[in-house]
Amino acid sequence: MKLQRMRIEQLRQFRKPFVLDHLQPGLNLIHGPNESGKSTLVRAIRAAFFERYRSTAVDDLRPWGDSAAAPTVELDFEHENRNWHLTKSFLQRKRCDLTVGTETYSEDDAEEKLAELLGYQYPKRGASKAEHWGIPGLLWVEQGTGQDIEQAIEHAGDHLKSALNSMVGEVASSGGDDLIETVRSQRDTLLTGTGKPRGDYLKLEKDRAQYEAEIQELKERVHKYQEQVDRLGKLAQDYDQAEAERPWEEAQRQLEQARTRYQQVERLEQQQAQEKATFAQLQQNHRLLQQNKEHLEGLSRQLEGRKGELDRAERDLATAQAQTPMIAGRLQEARTAYEQAEKQRKLAGLLQTRERLEQDARRLEQQKQLLTQNLAKAKDYHQQLEQARQQARDNRIDSGAVKKLKATANQLNEETIRSRTIATRLNWQLEASASLTLNNEPLTGQGEQQLLEESTLVIPGVGTLGITPGGEELASTRRKLKTLEDSFAEQLKTLSVTSVEQAEDRLSAFESAGRAQKHAEDLLKSVAPAGIEQLVSEQSEAESGLEKARSQLQATPEPEQKENVPALEEAEAAFVQAGNELDKAESDEREHQSTLSTLKQARDNAKTEWQRLADEEQSPERQQQLQQINTDLANLEKQQAELQASLERREREIREARPDFLKQDIERYQNAVNHLRQAQENRGRELRDIKVRLEAWGAEGLEEQLNEKEAELDQCNRRYQELHRRAQALDLLLTLLTEKRQALTRRLQAPLQKHLNHYLSVLFPEASLEVDEQLRPGKFSRGTELGQITELSFGAREQMGLISRLAYADLLREAGRPTLVILDDTLVHSDSDRLEDMKRILFDAASRHQILLFTCHPEKWQDLGVPPLDIQASKEQGA
Amino acid sequence: MPTFLHTADWQMGRAFTRFDTEDGAALVEARFEAIEKLAELASEHQCDAVLVAGDVFDAQTVSDRTIRRVFNATKGFAGPWVMLPGNHDAALAESVWTRAQRLGAVPENVHLSLQPGVINLDPQRLSILCAPLTQRHTYGDLTEPFTGYESPEGFLRIGLAHGSVQGLLPDEIDSTNPIAPNRAEASRLDYLALGDWHGTKQIDERTWYSGTPEPERFRNNEAGNALIVEVPEAGATPTVTRIPTGRYQWHQWRETLAVQSDLDQLLERLNALPEFAVVDLRLEGSITLAGEETLLKALSVAEARFRSLRCERSGLQLAPTDEDIAALKADGYVGEVVESLRERQQEGAQDDAARDALAILAGLLREREQEASQ
């Protein structure tokens, strides 16, 4: 298909007719700046083909503000060596005319013809959208959509496949893909992806299991019911038979017999027990009589025993009495010794007291003498002390003051000497007759005076000389000297002395008196530490003590005996010893007396006992008793022998009757009766139970229920089988459809791949681009890179999109379909190298297809090797 | 002239599997109506008694409602009914009969023969010699004691038994509950009324199986009748009249389709059937897509007309003709799929999946065509 001429009128900015003529069969570069109408031309071509002429949804074609416009497109193109002329008007004049060679079509026929030719469809209503564009959608690339190849291929879908039919044979199917989807969705309502049942199908499978379980349960219950019915029949029979035969009555009779026999044996046993008791009583009597007899016979033996005991008591008493004098003697001795020791102790005490008193008197005498001497000395020392004190009082002087005085004297001395050294010295050697008056004092002879003060020397006859000693120091020295002289005089006066020597003498005297006083005090203290008064009182005390001791001594009698008297301690010890011995002797005596009385009592008792027995032994009643007892014993023994025989006889009788077996028989028969009755009762009860149970179960209508359930299962099963078959069929159908479709795709894939590789080798020499089952370019690999085309950069994707479209165009051309390629400002994102490659590709493709390339960048396409067509220029030309 | 109605094998309480719930319920209902019909017939023919020769109930444990309804249905005939327990409703220690008695459902004019022996219907001068089953199965001839049973002077001796007459019935009938073939003669019976065989069948001039009054299976064995028996006097040969009582006719057809005319014929026959029909079809052979469309339409119509229609077509191959495929416009690979499915059917043994798949595909394509043509 080659577009040759295009004319538009009243369409957007082309209010006036615009003609694009002389289009080349290969590449056509159409350029113009923005807004020049480039995109409008593309839109016009699209409208001519895709929009229904009677569509009301094409307002965008109307020139702005011109409601009366009838946008018109006219196209001339050549296809299969025939000339096609299409005129289509919209909105105000809706028309479509198509001339193919000599044939003409109009309106809908014309549109159908076009759609068939190019492979697209019209929208049912409204404006045509991408999904209707089919193959042209793939080959006519709108501005900015070059990279969106996938969508375009999808929309081309069936058109593409049917268009390619001629090439791959009659394998493509119109609407086959929809069919697959329908089959898949129907299959998927029954089966999961992995072929497992789902939905109703799965539910039926479960229901079926549920029904089967219920039926099984019902069958079991029916079976149980039938068993119970059989059991009921058997039981009823057994019950009636037992009721007729009554076997428990025979058992009852046997029981009665056994009981009668057992009662007889019991009576025997009672008699036996009574006789045994009698026998035991006899034995008891016998034993008592025997005891009585033994008792009576034992009296004489007892009497002898008592006699022996009496003798032994007498003997013991005699022995004790024999000891009495010895014990009394010992007591007497102890008493004497005690009294002696007591006397000795008193004597020793008296002697000791006297001795102590004499000693006291001597000591007190001595003390008295000493005190008297001390008192005399003390008085003497006291006098000395008084004298020393008097002396001290007389010479009392302050030693500090004396010291100060001495210091002042020294200082005065020093100052005087100093003043002399600095004073104006006045020497004079006068003739004897001569005299001078110095300071009103006459000077004669030879002398020297030191002048410290302003002085007046009167020389008689001469006059008066004033002498003024020089220097300030002299004045201060003189003042100091004066002060010292005053102080010295004052101190002397205070101390009441006339000179330093006198003061020192007095101080020496004072100190010597002090020492004497101290000495006297020490001596006094040595004889009377607590003072003289104390000493006097001590002396009087000693005197009175002495007096007292002497009077006591006189009061104490002098013992007659003074020889062989032991010391007091010794006497005391002997006395304690004697006391102890006396205590012992007394206690021995008391003990002896008590033993004696005990023995005496024992002897008396023994004597009484013996006497009693002796009396009894000799009594006549005793003899009579003994005889009676012997008679009784003989009678008893005879009775016993008779009873013994009777007991043994009866014992044998009882043993032979086997009472233990009889007892067991009774139990056995009793049990039999019970069991037989019980069994019958049980039968009766079970009969009733089963009847009740069966009534209940019967009311449920089990078998009818079972029948119904089986019918339901059957239905469920049938429905299940239907779905099962349907699922199998759908699965098979889907598998077959998918397989066949894949086979078809594979057949289409190969040629498309070939064309794709042709272009790709120019762009990326080492790369490969695989075509997937949907005939879409998919996996892209370049060296080690591997990925989907959608992962490439925008520019690369656009380039890939373009070469893919060209490859489709090649494929369609081979299939004998029209292939007009329209590119609206494409490849704007390509760099110059890549663009260079793309130009080579476009140039190559243009040798097979007509390509209309619209651009607003003509400078980029200068080297395309075709003359550019300027829209602006054409417009102006047209105008 | 003494006249009585002979019937048997009511099988009450049976539920019908293989049918839709609604159809099953209708068939059950028809069995109750059959009893009413019997009562009506007995009155109409002025019968002295109605004898039911066993299997009144299909099972021992049917619902109380079923029991009551069965006895209620006998109301139309006030004369004596004698009911004999058969193998399905044997007179066990606890049975459907004891339950019926406990429920108080048995009317006074209905005699239950729960023990072997003679039931004398004095006003009617009929002696009914009964051989009820008291166990589920017996292997001895229960009618043996008939010979020993005495009947009052001048009374008709009528035997009532349930089981298989030895040596006369097809083998498939189980051989339990045997009955001697010459029982009527050997026991000096005027008539022997038998049950167990569901079709009406004469054994000898005095011995009959009445069959069930309402058919309940497809096997074609003369079911759906009752017998009116007239015996002029003791020892005379009875006159037996067969009266149809069945409401539904059961048809089971096995057909092989090969050419178009086979289908046409089948549909014609189907059209000829009365409304009260229960039909079970099994088709084999092959059919074109157009043929199948016709068949499906016809079956759809028939389904609505008959009580029940079931058609098993899994043995019927779907063989689309070239015209079929052209009509479907199955081009490209879809056409290949059609071809492949057709081959698979012809190749192996019965390939249900392929057949169904083809049917589904054809349906889908047809729908698409219809949409396109609209």
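Modeller: Let us begin with charge: Lys and Arg count as positive, and Asp and Glu as negative. In this predicted model, chain A carries 124 positive and 152 negative side chains. The centres of these two sets lie 2 Å apart.

Colleague: How many helices and strands does chain A have?

Modeller: Chain A contains 20 helices and 20 strands. The radius of gyration of the chain is 89 Å, well over the 29 Å that the globule rule gives for 879 residues, so chain A is more spread out than a compact globule. Along its principal axes, the C-alpha trace spans about 210 × 205 × 55 Å.

Colleague: Where does UniProt place the feature "coiled-coil region"?

Modeller: The unreviewed UniProt entry assigns that feature to residues 201–398 of chain A. In the model, this span is 97% helix and 0% strand, and its end C-alpha atoms lie 151 Å apart.

Colleague: How should I read burial, and is Arg52(A) buried or exposed?

Modeller: A residue is called buried when its relative accessible area is under 20%. Arg52(A) has a value of 18%, so it is buried. Of the 879 residues of chain A, 39% count as buried.

Colleague: Where in chain A is Arg52(A) placed, and which residues does Arg52(A) touch?

Modeller: Arg52(A) sits in the loop between helix 1 (38–50) and strand 4 (72–79). Leaving aside residues up to four places away in sequence, Arg52(A) touches Lys88(A), Phe90(A), Asp108(A), Glu111(A), Glu112(A), Tyr122(A) and Pro123(A).

Terms used
Residues are numbered from 1 along each chain as its sequence is written. Chains are lettered from A and ligands numbered from 1 in the order in which they are written. This is a predicted model: local features need pLDDT of at least 70, side-chain atom pairs count only at pLDDT 80 or more; totals for chains, interfaces and linings use all residues. Side-chain values use heavy atoms; hydrogens and water are left out. UniProt positions are given in the numbering used here, feature names are shortened, and annotations may be inferred rather than shown by experiment. Helices (H or I, at least four residues) and strands (E, at least two) are DSSP runs, numbered from the N terminus. The radius of gyration is taken over C-alpha atoms; the globule rule is 2.2 Å times the number of residues to the power 0.38. Buried means under 20% relative accessible area, exposed over 50%, partly exposed in between (1.4 Å probe, protein chains only). The place of a charge is taken as NZ of Lys, CZ of Arg, CG of Asp or CD of Glu. Contact means heavy atoms within 4.5 Å.
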